[in-house]
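Trainee: Please take one part of this model and go through it closely. I would like to hear about the strands and the core beside them.

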Amino acid sequence: MENQNDKSVQNRLQTTGEELKKSIFIYLANWKWFVISAIVCLGIGYFVVLKKVPSYTRSASIMMKDDKKSGNFFGDLNESFSRIGLSGGSYNVINEMNALKSPLIVEEVVRRMNLQQSYTMTSRFYDKPLYGYNNPVNVQMLDVSDGHAAAMSLSLRDENAFTVTRIAFRGETFKVNIEGACGDTLDTPAGRVLVKRATSVAPWEGDINMYLTSVKSATMSCMGRLGVELEDKNATVVNITYSDVSVQRADDFINMLIGVYNEKWIRDKNQVAVSTSAFINERLAYIEAELGVVDKDISSYKSAHLIPDIQSVSNLYMSQATQAEATQVQLNNEIYMARYIRDYLTEGDEFKIIPALSGISDATVGAQIAKFNDLLIERNKVLSNSSENSPVVQDMDATLKVMKGAIISSIDNEVKLLEQRIRSQQQYGSKATSQIASNPEHALHLLDVSRQQKVKEAIYMFLLQKREENELSQAFVAYNTRLIAPPSGSDAPTAPNKMQILLIAFVLGLAIPFAVIYVINLLDTKVKGREDLVGVLSMPYLGEVPLYVDNEKKRRGWSATSRYKRKLKKGLPTSQYDVVKSGSRSLINEAFRVLRTNIEFLSGDGQGNVVAITSYNIGSGKSFISSNVGRSFAINGKKVLIIDCDLRKATVSKHWGSPNVGFSNYLAGQKMELESLIVHSKDVAGLDLLPVGVIPPNPAELISTDRFSEAVSALSKQYDLVILDCPPVDIVADTSIVQRSADRTFFVIRAGLFEKSLLYGLEREYESGKFKNPAVILNGTTASYVDKYSNRRYGYHRYGYGRRGYGYSYSTYGSNEELSEYLKED
């Protein structure tokens with residue numbers, strides 16, 4: 001099992017190697033196209049180099065100053081604002097690099113240098129750029145705005161006179177002939193044009209072209225050729241590069257770019273200072289107003305709550321609360337005594353002495369009690385000397401009763417008054433207590449307002465200081481950059497890159513034929529050689545016959561391949577039929593000898609001597625193969641009969657003179673002997689032909705009769721080899737009928753004609769067993785690329801016709817090992 005796997009792997013590797021080798025030799029065979037294509041592409045590349053305008057790259061280096069480390073006002077102000085939360089961040093070199101190449105600055109450079117306008121002078125290969133001291137003229141298009149493009153061509157007539165020959169404006173080109181002199185304002189299709197001599201001393205030689213583009217387009221073009229890079233991530237040195245067709249213009253652009261950046265930087269810094277002053281003034285006014293509000297709030301709060309001083313007010317309210325409480329106790333005592341006396345008067349004996357220590361503070365009640373007691377004592381004295389019925393005693397009793405009622409009424413009034421006083425003292429005490437309870441809130445409120453007052457005062461003083469510093473620092477702002485290296489560079493152009501363009505052209509010169517050959521081979525679906533049959537067709541392989549070339553026509557200079565394709569396209573015979581000759585050592589004769597040897601090798605299996613030769617499509621050369629295989633066997637001493645079974649075209653019969661009477665007459669039932677119909681070859685002994693005769697209208701019906709099979713069977717006993725030349729199997733059903741009488745069936749595949757996709761159909765026919773003992777013959781092969789460059793000739797590298805024992809000395813025809821390997825395969 002392992003041996004089989006190893007052999008399978010070896011076969012795959014060998015197949016891959018063969019395919020790679022084949023592909024390499026295919027491209028080597030077309031080396032002339034590679035050479036021609038490379039030369040043409042190199043020529044085109046060189047012409048492109050000549051037509052390209054040389055471009056130069058200039059560079060300069062500047063150092064960006066770090067404000068945070070410079071100790072100037074802005075760094076301190078930024079840091080101070082950061083501490084109080086008003087600002088933050090440090091100077092950033094990357095941001096300044098982006099600002100340096102921003103569209104705003106580049107556009108300003110374009111406007112100042114008038115880069116939207118360019119001049120060229122017509123030269124041999126390209127238009128030579130003019131700028132600065134090289135530019136002799138200055139053209140102003142007075143009526144063309146920034147957003148439009150225009151072009152103009154000027155031709156010099158003398159030192160100061162010129163002619164406008166072409167004007168392009170708004171997508172239209174006008175050929176004009178407007179003459180003028182330097183300093184004149186001309187009327188043109190693009191409006192008024194002023195042409196002046198430039199301040200340079202450059203001579204005016206040749207035609208000058210002026211191009212005007214929009215400022216936006218010029219800005220984008222300049223930005224595309226501008227590069228700003230940081231030299232080192234830990235440094236602040238910035239490298240500026242710029243590419244232009246003019247060295248002077250490139251240097252001027254870099255210098256102008258740095259100048260414009262510095263100007264805008266100073267302006268931005270001053271703008272920062274102005275904005276800072278406005279900000280400080282605004283904040284000062286705002287904080288000043290807030291300070292006034294806070295002061296007024298403190299004053300109003302103290303006035304509203306009568307708080308001159310928190311501690312004094314606390315002592316006052318405490319004293320009031322204590323006094324109110326003592327008063328309430330005293331009043332409660334008085335109420336108690338008043339109620340006691342009242343109860344004393346209303347309960348028990350009607351006339352009894354009222355206690356003098358009653359605790360009532362009302363003097364009137366006390367006086368009434370005293371009078372009552374005096375009158376009661378006097379009454380008791382009178383009563384002791386008289387009786388109760390005494391008029392005096394009765395009068396005194398009546399008076400006492402009145403006085404007692406008055407006292408009770410007075411006590412009631414006194415109680416009500418005391419209760420009212422108690423309620424008043426309670427309210428007074430509650431108010432003092434509430435004031436004491438609210439005193440911490442007042443203190444907290446006043447503390448919070450005081451804190452705000454102190455913060456706003458600190459900010460106010462800070463802003464006053466910074467305003468003065470800002471006013472002093474505006475006059476001391478320096479440039480942000482320092483020039484390290486002025487614009488410089490090599491005098492050699494950086495574009496076009498000649499070596500790169502020529503290398504690309506050379507690679508294209510090789511790639512184009514490579515791609516064309518690859519596509520041609522990819523689209524070529526025709527069978528070319530035996531290697532196309534390997535892996536698809538398992539049918540036995542008899543051999544291959546190379547394309548026959550007429551030597552006479554070859555001497556006339558006709559290409560064999562072109563002649564083959566031309567005849568194949570027209571449907572004409574592509575070669576002579578009788579090419580096998582006795583004693584000939586030609587390539588075609590050797591091929592048929594190999595084919596004969598292989599057929600004899602197969603005949604050793606006892607498969608019979610009747611062979612049907614057919615094909616899948618028309619023009620495969622089956623009749624040619626039938627005729628020459630028969631000649632090869634006859635030359636070798638065999639008795640051979642060719643039966644032309646193609647009753648529709650009779651191709652073999654035509655090359656034998658097209659006899660009028662033949663096999664079709666016999667099959668039609670005419671009474672004649674087969675031997676009388678056979679035609680004998682005049683140049684090859686032992687070779688006979690049974691021609692078709694008259695073309696019948698019903699060939700399929702004739703060959704399907706028993707007369708046909710009986711005739712073939714009888715003739716096979718008289719000849720060593722009977723060849724049945726049949727029509728193509730895919731065209732008519734004749735072959736399927738004829739092959740019943742054959743012992744073997746040979747399929748002829750025409751190289752360059754047979755589609756590879758049809759091989760699968762042929763393989764299915766083989767696997768189905770429809771045809772008896774089938775085999776394949778490859779016809780019309782031409783020398784392949786592999787054989788040309790591996791020192792071989794097509795048709796011989798497989799069969800070993802370099803063997804000394806056969807009497808040949810063609811060293812290019814293969815080896816003994818190849819012959820043995822082939823015989824093993826078959």
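Mentor: Two strands pair if DSSP finds at least two bridges between them. Strands (E, at least two residues) and helices (H or I, at least four) are DSSP runs, numbered from the N terminus. This is a predicted model: local features need pLDDT of at least 70, side-chain atom pairs count only at pLDDT 80 or more, and totals for chains, interfaces and linings use all residues. Residues are numbered from 1 along each chain as its sequence is written, and side-chain values use heavy atoms, with hydrogens and water left out.

Start with β1. Its pairing with β12 is antiparallel and runs over eight bridges. Ser-59 has Thr-241 in β12 as its bridge partner. β1 also pairs with β13, again in the antiparallel sense, over five bridges. There, Met-64 stands opposite Thr-481 of β13. In a regular strand, side chains alternate between the two faces of the sheet.

Now look at Asn-480. This residue sits in the loop between α11 (391-473) and β13 (481-488). Asn-480 counts as buried because its relative accessibility is 0%. Buried means under 20% relative accessible area, with a 1.4 Å probe and protein chains only. In sequence, Asn-480 and Ile-62 are 418 residues apart. In space, their C-alpha atoms are 9.9 Å apart.

Ile-62 leads on to Leu-100. Leu-100 touches Ile-62, Met-64, Ile-105, Val-228, Ile-240, Leu-257 and Tyr-261, leaving aside residues up to four places away in sequence. Contact here means heavy atoms within 4.5 Å.

Next comes the core itself. A nonpolar core is a set of buried Ala, Val, Leu, Ile, Met, Phe, Trp, Tyr and Cys residues joined through side-chain atoms within 4.5 Å. The largest one has 30 residues. Leu-100, Leu-226, Ile-240, Phe-253 and Leu-257 touch the most other members. At least two residues of this core come from each of β1 (56-64), α5 (93-100), α6 (103-113), α7 (215-224), β11 (226-230), β12 (237-244) and α8 (247-304). α8 gives the most, with nine residues. A second, separate core has 29 residues, Leu-595, Val-611, Val-652 and Leu-689 among them.

To recap, β1 pairs with β12 and with β13.

Key: Buried < 20%, exposed > 50% of the residue type's maximum accessible area, 1.4 Å probe, protein only.
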